[in-house]
Amino acid sequence: MRADVTTDPTRDGTPVPLLQVDDLAIEFATPDGVVRAVDGLSYSVSAGRTLAIVGESGSGKSVSSLAVMGLLQQPPARIVRGSIRFGGTELLSLGQKAHRAVCGENIAMVFQDALAALNPVHTVGWQLTEALRARHGMSRRDATARAVELLDLVKVPNAKQRVKEYPHQFSGGMRQRVMIAMALSMDPEVLIADEPTTALDVTVQAQIMRLLSEIQAERQMGLILITHDMGVVANVADDVTVMYAGRAVEQASVFDIYAAPAHPYTRALLGSIPRLDQKGGGLAVIPGRPPDPTQVPAGCAFHPRCAFAEDVCRADPPPPTVSLPFDRTSACHFAEEVMNHDEH
Ligand SMILES: Nc1ncnc2c1ncn2[C@@H]1O[C@H](COP(=O)(O)OP(=O)(O)OP(=O)(O)O)[C@@H](O)[C@H]1O
Ligand code: SF4
Ligand SMILES: [Mg+2]
């Protein structure tokens, strides 16, 4: 099912977001209580743009992406509220099967545990074209030719030979390229890449990121890149969503985020000297730990770790979005002060 993706004539041909998530909330019922894994998340991505989603472990990055793909297991998960629209289609009002069908044609995901996702008993070529053969009834010969094209696209050398090989014959980096090729096989409008390089060494990580970035630009896809690496964010993102304890605490262009972070958590993630040319940096280590998801602190969830916290932060949750200049938002009582805070 190919959803209708258009430009909005009322806005001078400005592309409408391909994918738009609004006020998404997802809970898990666990023996220790309810986990609000995602709580009021909104974001959008348009053709040709890269949105980076960053945040520490457990902040809701993967769960929200699985919800977009219609792949959340319900139960134990429950989508409590919100909207996920692709083109003109509200995916959450479709049944899960139809939701997945829209994603199958339009939105693809490279999973966090990509290396485990390949099937050891089938050749790489077979796996690359499984979806194409199932959906489009492709002949074996056409499917093999397409598999070779896909491996070429992700720059796997000697593709003609390698389509006949099995995953264990590929290195980690080459297997990750196969996973990206698989995600691209249906020619998606939006690609979600969930930590696509964490298991790889630094040089291979850089090569894979360059490849993803090139393919994204060439195809004008919307790319959602989930990453812990602020160096990657600086190099490839247009927009950034910073997540903490299930919420988007700051959303801005990559330039604004680095120039003047407007949330203390973003500030802490970037370390004390935010630099747009930072290379290969992970998230800075922030004292304290993310909250136990069944016992999120009252008031602002970040207050026990926040250098800017005042009494009001312990008593009242901040507004979910404080609007700031340049179309950016921060969920902080002191968003403007933090943004204008100069440490030097
Ligand atoms: N099946 C589940 N049952 C209960 N809680 C879950 C389940 N899956 C995820 N969660 C909880 O949802 C929250 C968000 O998890 P998620 O996997 O989205 O984190 P993440 O931001 O992707 O972290 P990471 O960087 O480690 O991948 C976490 O608190 C996690 O414990
Ligand atoms: S609301 Fe208060 S505790 Fe929360 S991030 Fe802002 S200053 Fe820190
Ligand atoms: Mg994750």
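1. I107 lies opposite V190 of strand β7. Strand β6, paired with β7 (residues 190–194), runs parallel to β7 over four bridges. Strands are DSSP runs of E with at least two residues, helices are runs of H or I with at least four, and both are numbered from the N terminus; two strands pair if DSSP finds at least two bridges between them.

2. The model is predicted, so to speak of local features requires pLDDT of at least 70 and side-chain atom pairs count only at pLDDT 80 or more, whereas totals for chains, interfaces and linings use all residues. Residues are numbered from 1 along each chain as its sequence is written, chains are lettered from A and ligands numbered from 1 in the order in which they are written, and side-chain values use heavy atoms, with hydrogens and water left out.

3. An open sheet of eight strands has the order β6-β7-β8-β3-β9-β10-β12-β11, with mixed pairing. Because β6 (107–110) and β11 (322–324) stand at its edges with a single partner strand each, one side of each has no neighbour in the sheet. On average, neighbouring strands of this sheet are turned by 20° against each other, direction ignored.

4. Helix α1 (residues 61–69) lies across β3 (50–54), β6, β7, β8 (222–226) and β9 (239–244), and runs at about 145° to β6. Helix α8 (residues 172–184) also packs on this sheet, where α8 touches β6 and β7 and its direction makes about 170° with that of β6. Contact here means heavy atoms within 4.5 Å; axes are lines fitted to C-alpha atoms, for helices over the stretch in contact, and angles between N-to-C directions run from 0 to 180 degrees.

5. Four strands form an open antiparallel sheet in the order β2-β1-β4-β5. Its edge strands, β2 (33–45) and β5 (89–90), each pair on one side only. Strands β1 (residues 19–30) and β4 (residues 77–86) are joined in the antiparallel sense by eight bridges, and E27 has R78 in β4 as its bridge partner. Helix α1 packs on this sheet as well, touching β1, β2 and β4 with its direction at about 115° to that of β1.

6. The peptide bond from Q74 to P75 is cis, with omega near -10°, and the bond from P75 to P76 is cis, with omega near 10°. K155, not a glycine, has a positive phi of about 60° and lies in the loop between α6 (140–153) and α7 (159–162). Most residues other than glycine have a negative phi, and most peptide bonds are trans.

7. Ligand 2 sits in the largest cavity. A cavity is a set of points, on a 1 Å grid over the protein atoms alone, where a 1.4 Å probe fits but cannot get out; a molecule sits in it if more than half of its atoms lie within 2 Å of its grid points.

8. The residues around ligand 2 (a heavy atom within 4 Å) are H263, P264, C300, F302, H303, C306, F308, A309, C313, C332, H333 and F334. This shell comprises nine nonpolar, three polar and no charged residues, where Ala, Val, Leu, Ile, Met, Phe, Trp, Tyr, Cys and Pro count as nonpolar, Asp, Glu, Lys and Arg as charged, and the others, Gly among them, as polar.

Terms used:
On a 1 Å grid over the protein atoms alone, a cavity is a set of points where a 1.4 Å probe fits but cannot get out, and a pocket is an open set with protein on both sides within 12 Å along at least five of seven lines; lining residues have an atom within 4 Å of a point.
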